[in-house]
Amino acid sequence: MKQQRLDDRIIKKMLRGTMVVMVVTVLSTMLGMLVDGIVIGRYLGQAYMSAYGLANPVFNLLVAINGVLAAGIQVLCAKHIGSGNFERAKQVHTISFITAALISVILFLVMFFGSDQIAIILGAHGKNASLLPEASAYLKALGVGVPPLMLAFITNSFMQIDSDQTRTIVAVVVMTIVNIAGDFITALVIHGGLFEMGMATSISYYVAFIIAMTHYLKKNNVLTFYFKGLRIRDSFKVMKLGAPSGVVNLFITLRNVVMNRLLLLVATPVAVAAFSIQNTLTAATGAISTGLGMAVLLVSGIIAGEQDRASAINLVRIMNRLGLAIALCEMAVCLIFATPLAGIFAGSDQQLLGEAAYCVRIYAFGFIGNVLNSMMENYVQGMGRVALANTIVILDTFLYCVIIAWTLGFGLSLPLGYIWASWAIGEALVLLTTFIMAWKREGHIPRRAADYNFFPKGFGVEPEDCIEKTVYKMEELADMGMAVEEFCENHGSGSSLAKKIHLCIEEMGSNIIRHGFDDGKEHSIDVRVICKNGGFMIRMRDDCKAFDPKEWYDIHNPEDVTKNIGIRLVMKMAGDVQYVNTMQLNNLIIEV
């Protein structure tokens with residue numbers, strides 16, 4: 001039998017295409033805060049910026065809760081789609097949407113009526129009591145926008161699965177325009193404060209949510225509202241699977257609160273304002289890497305559903321290479337343009353400008369470790385290794401950084417720059433920890449992507465029970481068909497069934513090549529056949545133009561019985577057949 005190989009072309013395309021939309025999704029949640037920070041810093045002054053900085057961790061907490069739901073939904077829906085169980089994916093989508101709506105209403109009530117108490121907890125008391133009125137006002141106004149923020153965020157994830165990327169981009173663009181207009185009207189026309197700033201952001205979230213909801217008017221969505229057989233326990237499963245993403249933002253929130261307390265203890269409110277500018281800037285410059293991490297989460301969830309070892313290893317290699325390139329670019333931007341970027345927020349305040357630019361430059365050295373660690377967190381989470389993901393997250397986002405910052409800044413009373421350096425040092429320690437864990441697991445020094453696979457126990461099938469190949473042309477398809485026939489016979493299928501599976505792959509593949517490869521672009525088909533539990537599963541995936549599943553089913557019963565005979569024969573004995581177009585890929589799964 002010729003050696004067959006599944007290459008990484010479609011995984012690369014899926015990851016890059018998904019990353020674009022996920023970057024937009026990230027921007028959709030943080031652009032409001034970014035615009036608020038710019039206008040507050042330039043037009044309202046340092047005191048308002050300090051109050052805004054104290055309130056900022058609450059936004060991170062909202063993102064944490066969003067992250068739990070959105071990530072859990074992506075992982076669980078992706079696994080059901082990867083295994084061909086589309087009805088369960090719809091049920092998860094529906095119960096998750098209902099859960100998000102209920103949680104968002106509760107959070108609105110807490111933030112709106114408890115804003116004073118929250119601001120006090122965040123540090124607006126004692127010598128900083130003057131910050132209380134504006135910090136509380138901002139929290140109250142931001143609470144009004146919590147329901148649309150949460151629902152628009154998770155709907156963006158659904159739109160990615162349903163190949164509706166354009167609508168996501170439109171929603172973000174319109175939201176940003178509305179928010180910018182509202183902020184400048186507040187600062188320059190009505191001369192308002194942080195309450196009006198927060199309301200402008202909340203109104204923009206409502207606009208984005210309305211646009212996002214039009215997604216459900218689109219035909220042929222994979223994820224639709226399906227109320228039959230809803231399971232409350234799916235909500236808890238979503239939260240469990242999404243916990244690492246929520247833990248990321250939860251511990252970032254805690255880290256920022258602890259760091260703000262440290263800065264107020266050993267420095268001045270100017271340092272808090274500088275730290276707030278740094279947080280906002282690195283969130284903005286890091287949007288690409290954050291989007292890549294979310295894309296890794298979704299793609300690894302689908303791979304986990306398919307139990308596809310080869311694609312998982314390809315994903316680890318691609319995400320690290322792409323992540324490293326992005327991190328280097330982000331670091332270069334922050335190092336070179338720290339002063340003008342900080343100046344967007346600091347305006348004419350030279351003291352704040354100098355402190356913020358210094359902070360941004362030192363933080364920039366942590367980008368490489370941060371991006372690579374984020375990739376690994378999202379990968380192992382998507383693979384279902386929730387405990388491992390949580391461990392990496394806690395070390396990455398909180399523990400190492402906080403311990404180092406307090407030791408250097410408070411314990412040893414070193415200058416402020418050492419506190420800023422704690423993030424980069426912590427990220428390097430997380431990389432070292434992951435290296436040691438992989439070494440212990442594999443029993444040798446990890447050098448290749450395969451050494452960092454961290455597969456769950458019992459994941460996938462043994463190499464001898466799987467045959468897979470990426471096909472680019474008819475000749476390769478014919479070779480694959482022969483190899484599959486031999487593979488099936490060697491696994492006890494019998495000659496008759498082996499020939500029928502061979503015919504099915506050749507006819508379906510040739511149909512894809514004839515009608516999908518004719519647009520002048522490069523295309524390929526990933527063909528995978530596995531033997532498991534005495535049966536066979538055929539998976540064919542291509543990146544050609546989408547076609548209606550109903551039309552696909554119709555070809556199984558043509559008037560001319562001599563047409564598509566291989567497919568017809570397999571359909572008669574197939575235990576299950578599923579087709580879905582998701583993430584701009586055609587996916588066909590046949591169980592025999």
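In which loop is the place of Phe 454? Phe 454 sits in the loop between helix H17 and strand E1 (466-471), helices (H or I, at least four residues) and strands (E, at least two) being DSSP runs numbered from the N terminus. The structure is a predicted model, in which local features need pLDDT of at least 70 and side-chain atom pairs count only at pLDDT 80 or more, while totals for chains, interfaces and linings use all residues. Residues are numbered from 1 along each chain as its sequence is written, and side-chain values use heavy atoms, with hydrogens and water left out.

The chain contains 21 helices and five strands. Of its 592 residues, 60% are buried, where buried means under 20% relative accessible area, exposed over 50%, and partly exposed in between (1.4 Å probe, protein chains only). Among contacts (heavy atoms within 4.5 Å) with a separation of 6 or more, 79% join residues 24 or more positions apart.

Strand E3 (residues 535-542) is largely enclosed by the rest of the structure, because eight of its eight residues are buried. Gly 535, Met 537, Arg 539 and Arg 541 point one way from E3, and Phe 536, Ile 538, Met 540 and Asp 542 point the other way. Strand E3 pairs with strand E2 (residues 525-532) in the antiparallel sense over eight bridges, pairing being assigned if DSSP finds at least two bridges between two strands. Within this pair, Val 529 has Ile 538 of E3 as its bridge partner. The two strands form a hairpin with two residues between them, and Asn 533 in the turn has a positive phi of about 55°. Strand E3 is also joined to strand E5 (residues 585-591) by six bridges, again in the antiparallel sense. In this second pairing, Met 537 stands opposite Glu 591. Strand E5 is mostly covered, with six of its seven residues buried.

The second largest pocket has a volume of about 360 Å³. It is lined by 20 residues, of which Gly 305, Gln 307, Ile 530, Lys 532 and Met 537 are the closest to its centre. On a 1 Å grid over the protein atoms alone, a cavity is a set of points where a 1.4 Å probe fits but cannot get out, whereas a pocket is an open set with protein on both sides within 12 Å along at least five of seven lines; lining residues have an atom within 4 Å of a point. Grid points are joined across faces, edges and corners, and the volume is the space filled by probe spheres set on the points. Helix H2 (46-82), helix H11 (287-306), E2 and E3 each contribute at least two residues to the lining of this pocket. The lining comprises nine nonpolar, six polar and five charged residues, with Ala, Val, Leu, Ile, Met, Phe, Trp, Tyr, Cys and Pro counted as nonpolar, Asp, Glu, Lys and Arg as charged, and the others, Gly among them, as polar.

Most residues other than glycine have a negative phi. Phe 454 has a positive phi, near 50°, and is buried, with a relative accessible area of 3%. Ser 413 likewise has a positive phi, near 55°, and lies in the loop between helix H16 (386-411) and helix H17 (416-442). Ser 413 is exposed, with a relative accessible area of 57%.

Ala 141, in helix H5 (residues 132-144), is buried at a relative accessible area of 0%. Its contacts are Phe 195, Gly 198, Met 199 and Ser 202. The C-alpha atoms of Ala 141 and Ala 200 are 8.6 Å apart, at a sequence separation of 59 residues. Val 333, in helix H12 (residues 309-336), counts as partly exposed at 33% relative accessibility. Val 333 is in contact with Ala 338 and Leu 341, and its C-alpha atom is separated by 8.7 Å from that of Ala 364, 31 residues apart along the chain.

Notes:
Lists of a residue's contacts leave out its neighbours within four places in sequence.
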